[in-house]
Amino acid sequence: MNPSYNITVTFTASKTLILPASARHETNHDITEVIFGTAASSCFVEFQELNGAIKISKDLMDDLLLPLGKTQLILHQNTVYLGPLIGIFTAGFTGSILRPIGNRSLFFAKYLTAQKSAGLFAYVFGAHHIDWETGIVSGFTFDDDGWRQFKIPLPNVVYDRLPNREIEEHHALKMVKRRLRTEYGIPWFNPGFFDKWTIHQLLLPHAETALYLPETKLAPSKEEIEVMLHRHNSVYLKPRNGSLGLGVFQLIYSPDEQTYYCRYRSDQEDNILRKYRSLDQFFMYSFGSRKMDDYLLQERIKLIRIDQQQIDFRVHTNKDSQGRFHVTAIAAKMAGKGCVTTHVDNGGMIKTLEELFEQEDERNQAFHSLTLAALVLSEKIDQSIEGFIGEIGFDLGIDACKNVWLFEANSKPGRSIFSHPALKEEDLHSRKLSLQYALYLTKIAIEEPEALYE
């Protein structure tokens, strides 16, 4: 990680930037320009023995719209880049400065708090906050005094945190993404939501990832559901593009009774268990008007259980400032009684590995097998998906034979596991790495922009 420097203002000279003497060796050129985000200005540069700081003249700060704080330095040819400046792109703004992004305001506030320790600048913005004539954004930041909106340049990198697929397809948002990428050459990471079937197809041909995949079919016929049910006794029907466990059905076949059972969550958020004489009854009374073309059929894996409740695991991976994946958090999710999934919103509970496994060797085995799976899967998805991926959230399971299974990969993972008080450090670490990955992309965009489009 590059060192960061406190920004201090000097009123002694015009267009002057004073850098630490230690930075002199980073370029063989005379520096004549300073850039912050997409704002640029000519400047006079001096090098002095400074203690963890840079000095910049007030007029230069005003030209760059540079706020006080910490910055890193990237020197390339005759230019010094301050920042980097990271724009977190989303939608759903309320117009209230107290909660500008509604009930997701706290989510974004935590990211913006992480920028201090990472030595970066970050802000949140939406499509309507950009003034295309000037290249200036009315962005939102958060500090000890709360939220504030301020003028700031377009960013070096955009971190995509649009809330759902429907909003992502909005024409105006697509236009913003296209203009920033093509007209300004701004890298955009974690674009788009993963499609469960696409991810399955990408991973299936490779031996090192296929071993983690349950048997899965897209748009199954009733006959295919019957066959898989009789083979496994229990299967899941999952929306291809669903989230939060919504619309998931667990089907169970009892050979002794020659009867079908189904667990699901109703539209009123009740956990339902129903009995049917046939699959046709299930489709008539429970599946309703849903389209099978939008569903996946997946075998049910018999996962490890605690207190008779099913357990799976959320594993977060993030890229660092070198573009390498790390596992940043692992937590167990315990299903609530009668629940078809382990989601917290569906009555699930979060537990750490220490809480789950009393035996150290059992805990270590689970940690290492989940870590290995998450890193192998991250690398293969990253190689196969177009665009830049900085983080992935995996839903993984472990069966009674200690095998690891992949149930879902999320490009915009929720952070419910970080509500557990023992995961505060992991929470901060994963947020910081998202910002540090933006630094990595910034350097590539500056030093070898052609590599962004290889």
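The exercises below, each with a worked solution, concern a predicted model of one protein chain.

Residues are numbered from 1 along each chain as its sequence is written. In this predicted model, local features need pLDDT of at least 70, side-chain atom pairs count only at pLDDT 80 or more, and totals for chains, interfaces and linings use all residues, while side-chain values use heavy atoms, with hydrogens and water left out.

**Exercise 1. Overall dimensions**

Step 1. Along the principal axes, the C-alpha atoms fill a box of roughly 90 × 50 × 40 Å.
Step 2. The secondary structure consists of eleven helices and 27 strands; these are DSSP runs numbered from the N terminus (helices H or I, at least four residues; strands E, at least two).

**Exercise 2. Burial and contacts**

What share of the 454 residues counts as buried?

Step 1. Buried means under 20% relative accessible area, exposed over 50%, and partly exposed in between (1.4 Å probe, protein chains only).
Step 2. By that scale, 53% of the residues of the protein chain are buried.
Step 3. The accessible surface (Shrake-Rupley method, 1.4 Å probe; for residues, only the protein chains shown count as cover) comes to about 21,200 Å², and carbon and sulfur atoms account for 49% of this surface.
Step 4. Contact means heavy atoms within 4.5 Å. Among contacts between residues at least 6 apart in sequence, 67% join residues at least 24 apart.

**Exercise 3. Nonpolar cores and a nonpolar patch**

Which members of the largest nonpolar core touch the most other members?

Step 1. A nonpolar core is a set of buried Ala, Val, Leu, Ile, Met, Phe, Trp, Tyr and Cys residues joined through side-chain atoms within 4.5 Å.
Step 2. The largest core has 39 residues, and those touching the most other members are Ile56, Leu64, Leu66, Leu73, Val80, Leu82 and Phe89.
Step 3. With residues up to four places away in sequence set aside, Leu66 touches Ile7, Phe36, Ile56, Met61, Leu82 and Phe121.
Step 4. There is also a second, separate core of 30 residues, including Ile311, Leu353, Leu370 and Leu377.
Step 5. In soluble globular proteins, nonpolar side chains tend to be buried together.
Step 6. Leu68, in the loop between α1 (58-64) and β7 (70-76), counts as exposed because its relative accessibility is 58%.
Step 7. Together with Val9 and Phe11, Leu68 makes a nonpolar surface patch of about 330 Å². Patch residues have over 30% relative accessible area and no salt bridge; like charges are joined within 9 Å, nonpolar side chains (Val, Leu, Ile, Met, Phe, Trp, Tyr) within 5 Å.

**Exercise 4. Backbone geometry**

Locate a cis peptide bond and two residues with positive phi that are not glycine.

Step 1. The cis bond joins Gly83 and Pro84, with omega about 0°. Pro84 sits in the loop between β8 (79-83) and β9 (85-89).
Step 2. Leu65 has a phi of about 55° and belongs to the loop between α1 and β7. A relative accessible area of 26% makes Leu65 partly exposed.
Step 3. Lys402 has a phi near 75° and lies in the loop between β26 (391-398) and β27 (404-410). At 37%, Lys402 is partly exposed.

**Exercise 5. Salt bridges**

How many salt bridges are there, and where do the partners Arg231 and Glu215 lie?

Step 1. A salt bridge is a side-chain nitrogen of Lys or Arg within 4 Å of a carboxyl oxygen of Asp or Glu. The count by this rule is 21.
Step 2. In the bridge between Arg231 and Glu215, the closest N and O atoms are 2.6 Å apart.
Step 3. This pair links distant parts of the chain, 16 residues apart: Arg231 is in helix α7 (residues 222-232), and Glu215 is in the loop between α6 (207-210) and β16 (216-218).
Step 4. Arg231 is partly exposed at 47%, and Glu215 is partly exposed at 25%.
Step 5. Asp320 and Arg324 form a bridge with an N to O distance of 3.6 Å; Asp320 is buried, at 7%.
Step 6. A network of salt bridges links Asp312, Arg314, Lys333 and Asp395.
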